[in-house]
Amino acid sequence: MSARSDHARAPFPARRTVLAGTGAGVLAATVLPATAARASADAAQGGAPLGEYDVVVVGSGASGMTAALTAAKRGLSVLVVEKAPTFGGSAARSGAGIWLPNNSVILGAGVPDTPEKAAAYLAAVVGPDVPAERQRAFLANGPRMLDFVMANSPLRFRFMDGYSDYYPNLPGGLPNGRSIEPDQIDGNVLGAELGRLNPAYMPVPAGMVVFSQDYKWLNLAAVTAKGLAVSTECLARGTKAALRGEKPLTMGQALAAGLRAGLMRAGVPVWLNSPLVDLVQEGGAVTGVVVENEGSRGVVRARKGVIIGSGGFEHNAAMRAQYQQQPIGTEWSVGAKENTGDGIRAGQRAGAALALMEDAWWGPSIPLPGEPYFCLAERTLPGGLMVNANGTRFVNEAAPYSDVVHVMYEKDRGASGSHIPAWLIVDQNYRNRYLFKDILPTLAFPDAWYEAGAAKKAWTWDALAGQIGVPAAALRATLGRFNAQAWNGSDPDFHRGDTAYDHYYTDPNVQPNSCLAPVWVPPFYAFKIVPGDLGTKGGIVTDARARALRADGSVIRGLWAAGNASAAVMGHSYAGAGSTIGPAMTFGYVAANDIADA
């Protein structure tokens, strides 16, 4: 569905239609002056009138499309405006893990979750940073949202069995996890609209159907029987889909496609290439949006409300410099490139308070040429360790990715350059066994990685130290101590391997600790590690009903926010895989229902 075809259906009546038929004089005396007044106001706000809907949703990511689908199914007229030429935002690029305690999918799979466990765990993870009422709203509405989405779209979901909560040792934490991901979807359900789906951050290998949960085992295909079996299964799924004439989608591609298919069925238009310019305010309330559409600026009226789901500000260098610690780089983020904080800034101009702007959904990343690589398994698999500029370890490499970057920043503060960049060091034994990004075991890394300074290679520890600029004696001492601990299977320095989460991306054949193996077989490799992210997590402050709030706690009438355009319900932490998308979809659902219930 093109922006033009959607635009053509905008419910703004022509003059001759209004005047036609019985009672034309009465209508002319009442409707036309009001229409003229609105058109005049629209011109003053930013352009010609482009239409009027009950709800306008800004952004077509997970939060925006869930909100739009909910509003439409509640009987409201809805428009989605999207800055990019594609739909899906960062969600479409992602692995699409979704963290939702007590949802029907995990309960059906036998996960021993309860509302009490979930509440205790979330409170322990988040702490006092997020009001308890907002935490309760997420936990109560998440399962309802998921059932609603499954009832009103082709989406179905799978339990990510074994993907532990990130802090399973905290009260209510589940070592087997609570996360789900989308099941396979046939892209043909979208027709021509499939061509407008935002591409994945890492495309699935051709001919295969891969779920997020499979990557754990694909990394181990060369060294474990289960890894080989999962790889074979992924290929078999791809073959079956091809024989059926399907265009199989999984992970973020499936999530975005499934939500878009739901919007198509519900008749919700999505205007692409239509960036938000500003919010329309009248009498202290938000009553519409100013957008660019098909090369012209205009106003879309929202009779009941505007929901901002436009993502974070990870690709806005000025905002990152204003709010976040240096060094920081827009080029280190894997979030959708259109995420430049447009909705956040518009909300701020409308009077909204902002929070958590200093934080992001961090992850140790390698600044590869062209695009950064967000490290998950690579820093956790046995046979590797991270060092700082002094050549010493400073963190549990297998800890939740956001925590690792928090440590990098905390320890770099006051001694700039001491921990950013850091270096991930592995040996040839590691390379012979494990997938690295999409490079198969034993294969050489691309020359471009070395030319960009993102990777180094040397035949001795001392030579490697020289290449990465750390003291050789310190690196020798670090590797000697690490190797002794690895042989014993314990890490008293940083406790790598002490939790179930630490062991998720590891090699079960390595004993006694699947997280730890010595780094001793030359040649040795080092990879530059910088504080990358999946997106920023600060934004508009909202209440338990997803309503935008001013600094004094008062509600901005007509304005709601969800997803990375709002301050995260996770606060400064990260409960489990999908702690971005689960709350984003939930509060999009909450916002739309709040509007419909008014």
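A: The largest cavity has a volume of about 100 Å³. On a 1 Å grid over the protein atoms alone, a cavity is a set of points where a 1.4 Å probe fits but cannot get out. Grid points are joined across faces, edges and corners, and a volume is the space filled by probe spheres set on the points. By this rule, the count is 1 cavity of 30 Å³ or more.

The lining of the largest cavity consists of 14 residues, where a lining residue has an atom within 4 Å of a point. Gly563, Ala568, Val569, Pro583 and Ala584 lie nearest the centre of the cavity. By type, the lining divides into 8 nonpolar, 5 polar and 1 charged residues; Ala, Val, Leu, Ile, Met, Phe, Trp, Tyr, Cys and Pro count as nonpolar, Asp, Glu, Lys and Arg as charged, and the others, Gly among them, as polar. Helix 19 (residues 581-597) supplies the largest share of the lining, 3 residues. Helices (H or I, at least four residues) and strands (E, at least two) are DSSP runs, numbered from the N terminus.

The strands may now be considered. Two strands pair if DSSP finds at least two bridges between them. Strand 11 (residues 296-308) runs parallel to strand 1 (residues 48-58), to which 9 bridges join it, and glycine 51 stands opposite valine 300. With strand 21 (residues 555-561), strand 11 is again parallel, over 3 bridges; here valine 306 faces leucine 559 as its opposite residue. Strand 10 (residues 285-293) pairs with strand 11 in the antiparallel sense over 6 bridges, with glycine 288 opposite arginine 301. Strands 10 and 11 form a hairpin with 2 residues between them, and glutamate 294 in the turn has a positive phi of about 55 degrees.

This is a predicted model, in which local features need pLDDT of at least 70, side-chain atom pairs count only at pLDDT 80 or more, and totals for chains, interfaces and linings use all residues. Residues are numbered from 1 along each chain as its sequence is written, and side-chain values use heavy atoms, with hydrogens and water left out. The average pLDDT, the predictor's confidence in each residue from 0 to 100, is 92 for the protein, and 92% of the residues score at least 70. Over residues 1-37, however, the pLDDT is below 50. Where pLDDT is low, the predicted coordinates should not be read in detail.

Key:
On a 1 Å grid over the protein atoms alone, a cavity is a set of points where a 1.4 Å probe fits but cannot get out, and a pocket is an open set with protein on both sides within 12 Å along at least five of seven lines; lining residues have an atom within 4 Å of a point. Contact means heavy atoms within 4.5 Å.
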